[in-house]
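Dear colleague,

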Amino acid sequence: MTKKTAKDTFENKLDRLEEISHLLESDEIGLEYAMALYQEGIELSKDCISTLKVAELKITQLKKNLDTLTTDEENFFEE
Amino acid sequence: MFEQTEILTVSELTRQIKQTLEEEFLQITVQGEISNFKPHVSGHWYFNLKDSGAVISCTMWKGNNSSVFFTPQDGIKITVTGRITVYPPRGNYQFDVRSMKPAGIGELQSAFEILKQKLSNEGLFDEEFKKPIPSLPRRIGIVTAIDGAAFRDMISIARRRFPLVELVIAPSKVQGSGAAENIVESIKTLNRKKDIDVIIIGRGGGSIEDLWAFNEEIVVRSIFESKIPIISGIGHEIDFTISDFVADLRAATPSAAMEIATPDKADYFAFINDFLYNSRQNITNLFDNKKNRILDSIGSYGFKMPLDLLRRKSQQVDGIVYKMSVNFDKQFLMLKNKLSLLSKSLESHDVKKTLEKGFVLVKQDSKFITRSSKFISGKETQLEFFDGEVNLNS
């Protein structure tokens with residue numbers, strides 16, 4: 001189960017904004033529905049902008065495995 | 001020089017040969033072409049060194065070959081240093097290599113071409129195997145040297161463009177011996193992690209030897225086998241390693257790789273601003289549309305008709321009422337006249353009957369004299385008889 005991170009919802013919010021944008025362009029949309037969508041769009045926009053503005057780059061460094069170098073010289077002609 | 005008459009045992013002969021050869025060839029440098037290269041599981045290398053006239057078998061122990069920055073390939077010329085050793089039980093001699101390097105840059109070029117061709121023929125560079133790079137990554141894995149400029153550059157670019165992303169660094173040597181193994185290990189480690197959307201292999205500029213690890217077969221194969229898409233950002237614009245061909249996407253530099261991997265938050269700001277502008281337009285238009293529909297309806301013929309009808313009808317009524325009143329007046333006048341005429345005639349009719357009897361009407365100054373007291377003698381008088389009027393001059 002993947003943890004829902006800020007980036008998850010950011011992507012979802014952008015997708016929803018795109019969706020709302022298309023819906024609002026259609027000719028056959030009802031007035032109340034359009035108003036509700038517009039409202040939702042404004043909220044999402046504010047969210048996304050603030051998410052981007054406050055985000056700080058997160059850096060994780062993995063532990064490097066120690067090399068194991070052996071210097072044993074084995075016998076000649078090992079098959 | 002041995003005496004010809006002495007009878008030697010095989011061991012003794014061989015021992016002397018061994019001593020002679022090993023002392024004579026204690027530290028030599030040889031150049032030749034590699035053939036039959038076999039890296040053993042133990043880590044030791046076995047190969048032949050040859051030229052057109054002779055061949056010598058070689059060994060390079062793990063401890064020595066680990067410092068070689070490239071993996072030898074059959075056909076390339078190398079320069080080696082080392083010593084001759086003799087193995088009595090088998091009765092042969094071999095070259096125990098201490099150090100190895102390509103005979104010249106040209107040799108590395110050949111090795112490059114040979115390996116590239118071999119892997120290309122296997123289909124490792126085919127488009128169909130290239131995975132798409134996700135457009136909005138949550139976690140980016142980076143295989144790079146953490147003490148390099150490439151590392152710092154990539155971080156600053158990620159921070160500037162899209163700080164929402166998380167970078168997962170798998171540190172690795174990026175040149176010299178052991179680098180290829182490191183890189184392979186780092187790629188595998190990142191593949192084991194969850195949620196890494198794309199991997200960048202980044203390394204700054206350098207010579208062909210510096211970048212050689214990225215031409216090693218094990219590195220190329222591990223890039224091919226990676227389940228996570230890999231962007232190669234190795235060297236400068238003009239540098240091409242075999243890793244660049246097998247990667248899912250090649251970037252000219254590590255910085256370019258990070259630019260490709262990350263979206264620019266400026267684009268998102270622009271997208272959101274466009275959305276706000278356009279949607280406000282759309283809403284405004286929607287409102288105007290609805291408003292116009294209402295106005296149109298109100299102004300439409302259908303809507304106006306009852307009012308028009310009403311107006312027309314009331315106008316008609318006015319007209320009729322006017323006509324009626326005019327007529328009425330006319331009629332009234334007519335009737336009044338008629339009545340007065342009739343009454344006059346009625347009156348005169350009465351008078352006529354009296355005159356017929358023999359009475360006479362007396363008039364003076366057009367006025368009827370009905371009393372003797374009113375009679376003015378000497379004035380002109382008219383006498384109205386039944387059958388006419390008579391004038392009496394005084």
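Is D365(B) buried or exposed? D365(B) is exposed, since 10 other C-beta atoms lie within 10 Å; here a residue is called buried if 20 or more other C-beta atoms lie within 10 Å of its own, exposed if 12 or fewer, and partly exposed in between, with the C-beta atoms placed from the backbone.

Before going on, please note that this is a predicted model, in which local features need pLDDT of at least 70 and side-chain atom pairs count only at pLDDT 80 or more, while totals for chains, interfaces and linings use all residues. Residues are numbered from 1 along each chain as its sequence is written, and chains are lettered from A and ligands numbered from 1 in the order in which they are written.

To return to D365(B), this residue sits in the loop between β11 (361-364) and β12 (367-368) of chain B, where helices (H or I, at least four residues) and strands (E, at least two) are DSSP runs, numbered from the N terminus. Most residues other than glycine have a negative phi, but D365(B), which is not a glycine, has a positive phi of about 55 degrees. S366(B), found in the loop between β11 and β12 of chain B, is not a glycine either and has a positive phi of about 65 degrees. S366(B) counts as exposed, with 6 C-beta neighbours inside 10 Å.

Chain A has two helices and one strand, which follow the pattern α-α-β along the sequence. Of its 79 residues, 11% count as buried.

The contact between the chains takes 38 residues from chain A and 40 residues from chain B, two residues being in contact if their C-beta atoms, placed from the backbone, lie within 7 Å. Among the elements that give two or more residues to chain B's side are β4 (77-87), β7 (166-171) and α9 (265-299) of chain B, and α9(B) gives the most, with 12 residues. The residues on this side of chain B divide into 19 nonpolar, 12 polar and nine charged, where Ala, Val, Leu, Ile, Met, Phe, Trp, Tyr, Cys and Pro count as nonpolar, Asp, Glu, Lys and Arg as charged, and the others, Gly among them, as polar.

Within this contact, the axes of helix α2 (residues 31-54) of chain A and α9(B) come within 10 Å and cross at roughly 165 degrees; axes are lines fitted to C-alpha atoms, for helices over the stretch in contact, and angles run from 0 to 180 degrees between N-to-C directions. The crossing makes α2(A) roughly antiparallel to α9(B), a term used for angles over 145 degrees. The residues that make the contact include Y38(A) and L52(A) of α2(A), and F269(B) and K290(B) of α9(B), and the residues of this helix contact divide into 13 nonpolar, three polar and two charged.

The chains also meet through strands, which pair if DSSP finds at least two bridges between them. Four bridges join strand β1 (residues 58-61) of chain A to β7(B), and the two run parallel; I59(A) has L167(B) as its bridge partner in β7(B).

Within chain B, five strands close into a barrel in the order β1-β2-β3-β5-β4, with mixed pairing. Strands β1 (residues 28-39) and β2 (residues 45-50) of chain B pair in the antiparallel sense over five bridges, and the bridge partner of I34(B) in β2(B) is L49(B).

Best wishes

Conventions
Angles under 35 degrees count as roughly parallel, over 145 as roughly antiparallel, 65 to 115 as roughly perpendicular and the rest as oblique.
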